[in-house]
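Good morning, and thank you for making the time.

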Amino acid sequence: MAFKHIVIPIFIPHKGCPFDCIYCNQKYISGQKDDMTEDKMISIIESHINSAGQDAYIEIGFYGGSFTGIEREEQYKYLETANRYIKEGKVKSIRLSTRPDYITGEILDYLKKYSVNTIELGVQSLDDEVLQKTCRGHSAEDVYNASALIKKWGFVLGIQTMIGLPGDSRQKALHTAEKVVGIKPDILRIYPTLVVRGTYLEKMYNKGEYTPLELEEAVELCAELLYIYEKNNINVIRIGLQPTESINEGGDVIAGPFHPAFRQLVESRMALDVIEKAIIEQNLSKKSSLIICTDKKEISNVIGQGRKNVEYLRKKYGYDKIIVREYNVGHEIYDIKY
């Protein structure tokens, strides 16, 4: 029986980061505009624990800033509060996000002491020109060095990447993916760049100095990236920003490829690519009907949001009927006919 995995998110907006990355306004992105206090942190943790159930695997996650760049005494305060719940057996481990240039052996020593298990690095790109244009304040070399140290110390390594940053391109994004594969992180996130209110990127956008990716463009590129990562057994745990009250349609996203179900769009695009490849390889383009067999969990991706994939195939190839069929279900066959 699989345990329910719960991460209790503790957002510490923009703490510990001396740089103003042009795309970043963590108070809008996290949906939390007030500073985190110890009392607030305890309240959040207690609320999640009380609703988690007995068999849940619970982690506390520090997000939103560069945790290891916070004043050391403040780090200890947060970590000690989290550790109380580990000692009580209510929480299993701690995870945090930070910058690649804020990782040293000494830092990793005390994180290990405080039961930190997972460290996610805000990498964004492994192209130095892109990093410079986005005012990241670190180099690709910093990423390689920090990743090697994190793995050497025995932590779970996470990497966060972005596409569509100023100076970025499809070729550079694919190059970053190839380099990430070489690093071999345990987990990965992919975020399409959004123009968020209150950022320098908003000023660039308003001046016509920056053009964000279109939604279809971002979906197509992320499908390519996801294919690369899955082929290399890298676990992509998120694609696209988590919708919040601020990061949502009509919220603080000024422009860019936002969609509340962005990952499903990407996985649907991947499914469509596989189907079209099969149509070509098996000479099915001149048939009057098409039967697609898939796992039950993949049916919605095969059909596409709003039946987009089915309608595309019908229009492009002129099929009179398309059947999406679940296979491996014993004697029962589940069909969706169009």
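Let me begin with a term: a cavity is a set of grid points where a 1.4 Å probe fits but cannot get out, and its volume is the space filled by probe spheres set on those points. Please bear in mind that this is a predicted model.

A search of the whole structure returns 3 cavities of 30 Å³ or more. The largest cavity has a volume of about 60 Å³. Which residues line the largest cavity? They are Pro192, Leu194, Gly240, Leu241, Pro257, Phe258, His259 and Phe262. Sorted by class, this lining comprises 6 nonpolar and 2 polar residues, with no charged ones.

I turn now to the second largest cavity, which holds about 40 Å³ of space. Its lining consists of Thr161, Met162, Ile163, Ala173, Thr176, Leu225 and Tyr229. Strand 5 (156-163), helix 7 (170-183) and helix 9 (215-231) each contribute at least two residues to that lining, and strand 5 gives the most, with 3 residues. Here the division is 5 nonpolar, 2 polar and no charged residues.

Two packed helices are described by the angle between their axes and the distance between the axes. For helix 7 and helix 9, the axes come within 10 Å and cross at roughly 20 degrees. Angles under 35 degrees count as roughly parallel, and helix 7 and helix 9 are therefore roughly parallel to each other. Their crossing is right-handed. On the helix 7 side, the contact is made by Arg170, Ala173, Leu174, Thr176, Ala177, Val180 and Val181; on the helix 9 side, by Leu221, Glu224, Leu225, Ile228 and Tyr229. By class, this contact has 9 nonpolar, 1 polar and 2 charged residues. Ala173, Thr176, Leu225 and Tyr229 belong to this contact and also to the lining of the second largest cavity.

Helix 9 brings me to my last item, the second largest pocket, to which helix 9, helix 10 (262-281) and strand 10 (289-294) each supply at least two lining residues. The volume of this pocket is about 360 Å³. It is lined by 20 residues, and Ala271, Val274, Ile275, Thr294 and Val302 lie nearest its centre. Which element provides the largest share of this lining? Helix 10 does, with 7 residues. The lining of the second largest pocket divides into 14 nonpolar, 2 polar and 4 charged residues.

Thank you for your attention.

Definitions and conventions. Residues numbered from 1 in each chain as written. Predicted model: local features only at pLDDT ≥ 70, side-chain atom pairs only at ≥ 80, totals over all residues. Heavy atoms only, no water. 1 Å grid on protein atoms, 1.4 Å probe; cavity = no way out; pocket = protein on both sides within 12 Å on 5 of 7 lines; lining within 4 Å. Nonpolar A, V, L, I, M, F, W, Y, C, P; charged D, E, K, R; others polar. Helix = DSSP H or I, 4+ residues; strand = E, 2+ residues; numbered from the N terminus. Axes fitted to C-alpha atoms, helices over the stretch in contact; angles between N-to-C directions. Parallel < 35°, antiparallel > 145°, perpendicular 65-115°, else oblique. Left-handed = near helix turned anticlockwise from the far one by under 90°. Contact = heavy atoms within 4.5 Å.
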